[in-house]
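Reader: I am new to this structure. Could you take me through it in questions and answers?

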Amino acid sequence: MIRVDDLTVSFGRGDARFVAVNQASFDVAANSAFGLVGESGSGKSTLLRALCGLVPVESGTFDLESDKKPQMVFQDPFGSLHPRQTVDQALREPLLIHGVSDQEPRIHQIMENVGLSPTLRFRYPHQLSGGQRQRVAIARALVLEPDILLLDEPTSALDVSVQAEILNLFKDLKEQRNLTYIMVSHDLAVVSFLCDAIAVMKDGRIVEQLSRDRFAAQDAIDPYTNSLFQAYQ
Amino acid sequence: MTEPTATFREWLSAADPASRAQAQAQEIYRAALALAANPLTLIGGLIVLALLLTALFAPVLTIYAPNDQDLANRLAPSSSLHLLGTDELGRDIFSRIVHGARLTLYIVIVVALTAAPAGLAIGATAGYLGGVTETILMRITDIFLAFPKLILALAFVAALGAGLNSAILAIALTAWPPIARIARAEALVIRQSDFIAAVRLMGASDARIIFRHVVPLCVPSVIVRITLDMAGIILIAAGLGFLGLGAQPPAPEWGAMVSKGREFLTDQWWIATYPGIAIFIVSMGFNLLGDGLRDVLDPREATR
């Protein structure tokens, strides 16, 4: 289980200080998916980056209860792959860093798991489609077998048909590999498809947390959450 | 250049490369095709190739040794015996220019192999790490950059003594700062990208990120810059030679040849002119090649 307590992240000092995440607290059950929704600038992506150490935490604590570092899948599948590295290099790099010996079978296995044809193994990112690139990014995040996967709008840069494929892949991988997800999105349909619990963020604060059922029924108390639901219709 | 066989060309354009080597060969092949598509680049490339071949086969291409004197036949104009005439000691100018290509190429290669990696490492480290490291490294770079190239080279040559190797050292010491600045600018952009964040999450060390992930992306603009700088480097080397501070007599260095020929410029114009033309052609060749490389390699220009 993931436990986040009063987490605050800010940038700048003095008058220029900007609080991106303000005392966020939430729990995520093991092998479940937790959604963070809100408009751009609400601090949801910053919160995600703080949980994996890409952004320093100012105050508060979080406990991921995992020996392995969480891995992340990014929004733009082109920007998250090194333009001069083949699929093989991208997937081999984490194994090299951690000195894993059985690299060949692991690369084959993970490519099969995320639905990438072996013929794509020595292609560069510019020779892949958007969906294929995102599958490579997912494979790279999973090749070290993490317990927690952080998803930063992982489908928003993809075509609608490809979005559905990737979302189904996330759903399958979660069961197969006993993963826990924290996903950031502004697409309420994507969140309600994948997530078991959802937190709504506004101006760095979590204004409301909802179960999947209440989220699907649009049964919110907070006026901002209701305005999000209305805007989405 | 040999025409690739059909099967080799298929291997180079196959949609699904079967190995990393094939994938890399395909990238180079695509870049080479794009380079050859521009006629000016092709000319520049051919000039540089000609310089390479001339330097490599200098003894085969010439009848006379570059330092063979024939005082009875000094200051002779172009003839069937001496294609470009002879100088004040009766040495064959064609032979000296051809052998001088070796000196020019030697200077260019040594400078490129020392200044480019040094500038790349310093700039990429400064740009990626930022903070105090960046401040220290870039202020050192600024100090070197503040000196006019030729003046700094003159100071080094004065301190180390005249000679080809001190000229090369002086040129290399003035050639790396612009490279470092370019590499830093690239690294500043690259460090913000998601693929660097991803490799940090994997637990990669700073050194690994800099040299395996940041540096390869800085290399194209560094190659472009050093190629364009080659013209200036050749001119500085020739300038030092002209002032008598570079290669020492009797070495057939082009700048020194121009300097000697200056005394006879009014009556025996060919002594100074032909090495001058050689300097001009080679400098232009590097410039044309550099422009073409920029069109192909610069990530801001590239469409792929």
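Reader: What pattern does chain B follow, read along the sequence?

Author: Chain B reads α-α-α-α-α-α-α-α-α-α-α-α. Helices here are DSSP runs of H or I with at least four residues, strands are runs of E with at least two, and both are numbered from the N terminus. A word on the source: this is a predicted model, where local features need pLDDT of at least 70, side-chain atom pairs count only at pLDDT 80 or more, and totals for chains, interfaces and linings use all residues. Residues are numbered from 1 along each chain as its sequence is written, while chains are lettered from A and ligands numbered from 1 in the order in which they are written.

Reader: What share of chain B is buried, and what makes a residue buried?

Author: Buried residues are 42% of the 304 in chain B. A residue is buried if 20 or more other C-beta atoms, placed from the backbone, lie within 10 Å of its own; 12 or fewer make it exposed, and anything in between is partly exposed. The C-alpha atoms of chain B fill a box of roughly 75 × 55 × 25 Å along the principal axes.

Reader: Why are helix 11 and helix 12 of chain B called roughly antiparallel?

Author: The axes of helix 11 (residues 254–261) and helix 12 (residues 270–297) of chain B cross at roughly 150 degrees and come within 7 Å. Axes are lines fitted to C-alpha atoms, for helices over the stretch in contact, and angles run from 0 to 180 degrees between N-to-C directions. Under 35 degrees counts as roughly parallel, over 145 as roughly antiparallel, 65 to 115 as roughly perpendicular, and the rest as oblique. Helix 11 and helix 12 of chain B are therefore roughly antiparallel.

Reader: Which residues make that contact?

Author: Helix 11 of chain B gives W254(B), M257(B), V258(B), K260(B) and G261(B), and helix 12 of chain B gives I271(B), A272(B), P275(B), G276(B), A278(B) and I279(B). Contact requires C-beta atoms, placed from the backbone, within 7 Å. The residues divide into eight nonpolar, two polar and one charged. Ala, Val, Leu, Ile, Met, Phe, Trp, Tyr, Cys and Pro count as nonpolar, Asp, Glu, Lys and Arg as charged, and the others, Gly among them, as polar.

Reader: How many residues of chain A are in contact with chain B?

Author: 26 residues of chain A are in contact with 22 of chain B. Helix 2 of chain A gives the largest share of chain A's side, four residues. That side divides into 11 nonpolar, eight polar and seven charged.

Reader: What makes strand 2 and strand 4 of chain A edge strands?

Author: Strand 2 (18–28) and strand 4 (59–63) of chain A each pair on one side only. Pairing takes at least two DSSP bridges between two strands. The open sheet has the order 2-1-4 in chain A, with antiparallel pairing. Strand 1 (residues 2–11) and strand 4 of chain A are joined by four bridges. D5(A) stands opposite T61(A) there.

Reader: How do you know that strand 8 of chain A is mostly covered?

Author: In strand 8 (residues 197–202) of chain A, five of the six residues are buried. Strand 8 pairs in the parallel sense with strand 3 (residues 33–37) of chain A over four bridges. Its pairing with strand 9 (residues 205–211) of chain A is antiparallel, over six bridges. M201(A) stands opposite I206(A) in strand 9 of chain A.

Terms used: Two residues are in contact if their C-beta atoms, placed from the backbone, lie within 7 Å.
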